Amino acid sequence: MASQASDAKRPLIEVKNLTVRYNIARTGQTLTAVENVNLTVDQGEFVTVLGPSGCGKTTVMNVIAGLVEATEGEVLVDGQPVTGPNPDRAVVFQDYALLPWRTVYDNVRFGVEMQKRFAGSSMHDKIQETIELVGLGGFEKAYPRELSGGMQQRVGLARALVAEPRILLMDEPLGAVDALTREVMRSELEKLIALTGKTVVFITHSIEEAILLGDRVVVFKSHPGSVLEVHNVDMQRPRSERGAQSEPRYLELRDHLWSALEKEATSAVRERA
């Protein structure tokens, strides 16, 4: 019984003493991207990650995804070491990463083509259901060049969701769209995650976005990257930027995060000088 209770409390994602180093062939030097990173993410939790450019946020996400190997330490998903990509983890990129010669339908289908559990009519139904879930019903035959940036990112999200992953790893997915589209998509994403119950690790450069979307906000420091601080976002959902402006917790957290990131960015500039 004690073992079962322990398993029930175990986080879905565990990053333990993670260090990643890269050898730079051109110079013969070794670059430490992140060092001794410790982080947990619970089942169904939405964790947002902030930090200066080059602080290793994406590196940590790529190790969780199984795209980059740890130099030291490890990442566990549901108690099992990550040794490579797996359908239980899907990545949504900033630059959409769509196949331009494929339609919306076929780009989404790419997310399940290699999985034997989807075939025939069940595959078609799942693809169609997911396209409609992200609000692209009627655009199945459109090509990426015929879509707005926001619509292209919806295709990328549908491609990630169609395989029914437990975890969504999102690397600045709203960074390439205009401000108004970003606000609309942020609200829709919050609703979509609430509907599907996915566990999310979401990288962003926007403090406001980190607060509005996250259950917790993780702040990274740079040189080398590591976790500086973690904050619980004690605010009711759904959240909107205009509504949050009057909430003391939002204002308090926003001001604190601005100060922390400004201090970290200033320190990083001085180190390079």
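Visitor: What volume does the second largest pocket have?
Guide: This is a predicted model: local features need pLDDT of at least 70, side-chain atom pairs count only at pLDDT 80 or more, and totals for chains, interfaces and linings use all residues. Residues are numbered from 1 along each chain as its sequence is written, and side-chain values use heavy atoms, with hydrogens and water left out. On a 1 Å grid over the protein atoms alone, a pocket is an open set of points with protein on both sides within 12 Å along at least five of seven lines. Its volume is the space filled by probe spheres set on the points, which are joined across faces, edges and corners; for the second largest pocket this is about 190 Å³.

Visitor: Which elements give two or more residues to the lining of the second largest pocket?
Guide: Lining residues have an atom within 4 Å of a point. There are 14 here, and Val-134, Leu-157, Glu-188, Leu-189 and Leu-192 lie nearest the centre. Elements are DSSP runs numbered from the N terminus: helices (H or I, at least four residues) and strands (E, at least two). Those that give two or more residues are α5 and α6 (179–196).

Visitor: Which element gives the most residues to the lining of the largest pocket?
Guide: The largest pocket has a volume of about 500 Å³. Of its 20 lining residues, Arg-89, Ala-90, Val-91, Gly-111 and Arg-159 are the closest to its centre. Both β6 (89–92) and α5 supply at least two lining residues. The top contributor, with three residues, is β6.

Visitor: How many charged residues are in the lining of the largest pocket?
Guide: Ala, Val, Leu, Ile, Met, Phe, Trp, Tyr, Cys and Pro count as nonpolar, Asp, Glu, Lys and Arg as charged, and the others, Gly among them, as polar. The lining of the largest pocket has 14 nonpolar and three polar residues. Its charged residues number three.

Visitor: How far apart are the end C-alpha atoms of α5?
Guide: Helix α5 has 13 residues, 149–161. The expected span is 1.5 Å times one less than the number of residues, so α5 should span 18 Å. The model agrees: the ends are apart by 18 Å.

Visitor: How many of the 13 residues of α5 are buried?
Guide: Buried means under 20% relative accessible area, exposed over 50%, and partly exposed in between (1.4 Å probe, protein chains only). The buried residues of α5 include Arg-154, Leu-157 and Arg-159. The helix is mostly covered, and its buried residues number 12.

Visitor: Is Glu-172 buried or exposed?
Guide: Glu-172 lies in the loop between β7 and α6. Its phi is near 45°, a positive value in a residue other than glycine. Its relative accessible area is 14%, so Glu-172 is buried.

Visitor: What is omega for the cis peptide bond that joins His-223 and Pro-224?
Guide: His-223 is in the loop between β9 and β10, and its phi is near 60°, positive in a residue other than glycine. With a relative accessible area of 34%, His-223 is partly exposed. Pro-224 lies in the loop between β9 (216–221) and β10 (226–232). Omega of the cis bond is about -15°.

Visitor: Where is Pro-238 found?
Guide: A cis peptide bond joins Arg-237 and Pro-238, with omega about -5°. Pro-238 is in the loop between β10 and α8 (241–244).

Visitor: Which element gives the most residues to the lining of the largest cavity?
Guide: A cavity is a set of points where a 1.4 Å probe fits but cannot get out. The structure holds one of 30 Å³ or more, and the largest has a volume of about 50 Å³. Its lining has eight nonpolar, no polar and one charged residues. The most, four residues, come from α2.
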